[in-house]
Amino acid sequence: MSGTGDDATAGGLCAVHLPRAGRGPAPRGWEAPAASGHSADAELPRVGRFPAVQAGQPAIERIPPTSALVGYRGPTACAAAGITYRQLDYWARTGLLEPSVRTAYPAGAQRLYSFRDILLLKIVKRLLDAGVSLQNIRVAVAHLQAAEPADLTGLTLMCDGATVYECTSPQQVVDLIGGGQGMFGIAVGAVWQELETALGRLHAERTDTGETLVGHNPADELAQRRNRAV
């Protein structure tokens with residue numbers, strides 16, 4: 001599925017269950033509701049290096065892609081999440097997933113997405129590809145937005161196309177699969193690590209100063225070395 005998701009079939013149940021400890025009972029479902037000043041650093045260049053400093057460049061600051069000080073513009077969010085700008089724009093305009101750092105208002109402002117926003121964009125894309133309806137995805141997104149980051153990395157989302165389950169233990173995943181129904185799984189921790197690597201290679205923006213943070217792509221650096229050797 002490659003569209004914005006507006007043509008997805010509505011209906012079905014969305015189970016979003018977040019047990020906190022132990023194996024606990026089998027995941028239960030939630031029914032989706034009906035649609036409704038100066039310093040020593042001041043003399044340094046304004047372009048930072050992130051998350052690593054390239055050879056020959058001043059060591060200004062090392063900021064991880066997950067930091068709240070880092071934001072990403074729309075095209076970067078699309079590249080990292082594997083979606084089109086049309087999808088990004090549609091999901092923002094319809095309230096499915098708006099940027100938490102900066103919206104497009106006032107008019108002319110550049111949307112700015114956080115690491116967590118883009119993580120959810122990747123998850124939304126995968127759920128849509130699995131056939132989950134937008135109605136149910138909205139419920140899942142709202143629940144994931146309310147979860148603590150530490151909880152997100154330990155989650156596995158399981159879905160059968162109509163229902164989404166949040167599993168916090170391997171046994172819960174086994175129990176779901178043992179039901180004999182075809183399931184699709186998303187290990188959120190793995191998506192997190194994949195996204196962290198991808199965003200480290202892309203340009204970003206500091207949310208407090210607006211300065212550009214240049215990504216570090218080892219492939220680009222290798223190509224530059226080869227060109228100098230020729």
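Threonine 76 lies in helix H1, which covers residues 74-81; helices here are DSSP runs of H or I with at least four residues, strands are E runs of at least two, and both are numbered from the N terminus. Threonine 76 counts as buried because its relative accessibility is 16%. Buried stands for under 20% relative accessible area, exposed for over 50%, and partly exposed for values in between, with a 1.4 Å probe and protein chains only. Apart from neighbours within four places in sequence, threonine 76 is in contact (heavy atoms within 4.5 Å) with Leu199, Leu202 and His203.

The model is predicted: local features need pLDDT of at least 70 and side-chain atom pairs count only at pLDDT 80 or more, while totals for chains, interfaces and linings use all residues. Residues are numbered from 1 along each chain as its sequence is written, and side-chain values use heavy atoms, with hydrogens and water left out.

**Nonpolar cores**

A nonpolar core is a set of buried Ala, Val, Leu, Ile, Met, Phe, Trp, Tyr and Cys residues joined through side-chain atoms within 4.5 Å. The largest such core has 42 residues, and those with the most contacts inside it are Ile118, Leu119, Leu121, Ile123, Val124, Leu127 and Ile137. At least two residues of this core come from each of strand S2 (70-73), H1, helix H2 (85-93), helix H3 (115-129), helix H4 (134-146), strand S4 (156-159) and helix H7 (188-199). H3 provides the largest share, 9 residues. A second, separate core of 5 residues has Met158, Cys167, Val173 and Leu176 among its members.

Leucine 127 touches Val132, Ile137, Cys159, Val164 and Ile186, with residues up to four places away in sequence not counted. Leucine 120 is also placed in helix H3, and its relative accessibility of 2% makes it buried. Under the rule that leaves out residues up to four places away, leucine 120 touches Leu97, Val141, Leu144 and Gln145. The C-alpha atoms of leucine 120 and alanine 140 are 9.8 Å apart, and these residues are separated by 20 residues along the chain.

**Helix packing**

H3 and H4 pack at an angle of about 150°, and their axes are 11 Å apart. H3 is thus roughly antiparallel to H4. Axes are lines fitted to C-alpha atoms, for helices over the stretch in contact, and angles run from 0 to 180 degrees between N-to-C directions. Angles under 35 degrees count as roughly parallel, over 145 as roughly antiparallel, 65 to 115 as roughly perpendicular, and the rest as oblique. In this pair, Arg116, Leu120, Ile123, Val124, Leu127 and Leu128 of H3 meet Leu134, Ile137, Val141, Leu144, Gln145 and Ala146 of H4.

H2 and H3 pack at an angle of about 100°, with 12 Å between their axes, and are therefore roughly perpendicular to each other. Gln87, Leu88 and Trp91 of H2 make this contact with Leu121, Val124, Lys125 and Leu128 of H3.

**Salt bridges**

The structure holds 9 salt bridges; a salt bridge is a side-chain nitrogen of Lys or Arg within 4 Å of a carboxyl oxygen of Asp or Glu. Three of these pairs are listed below.

| Glutamate 205 | Arginine 73 | 3.1 Å |

In the salt bridge of glutamate 205 with arginine 73, glutamate 205 lies in strand S7 (residues 204-206) and arginine 73 in strand S2, so the pair ties together parts that are 132 residues apart in sequence. Glutamate 205 is buried at a relative accessible area of 9%, whereas arginine 73 is partly exposed at 39% relative accessibility. Arg73 and Glu205 are also linked with Arg102 in a network of salt bridges.

Arginine 126 is partly exposed, at a relative accessible area of 28%, and glutamate 194 is partly exposed at 41%.

In the remaining tabulated pair, arginine 206 is buried with a relative accessible area of 9%, while aspartate 208 counts as partly exposed at 45% relative accessibility.
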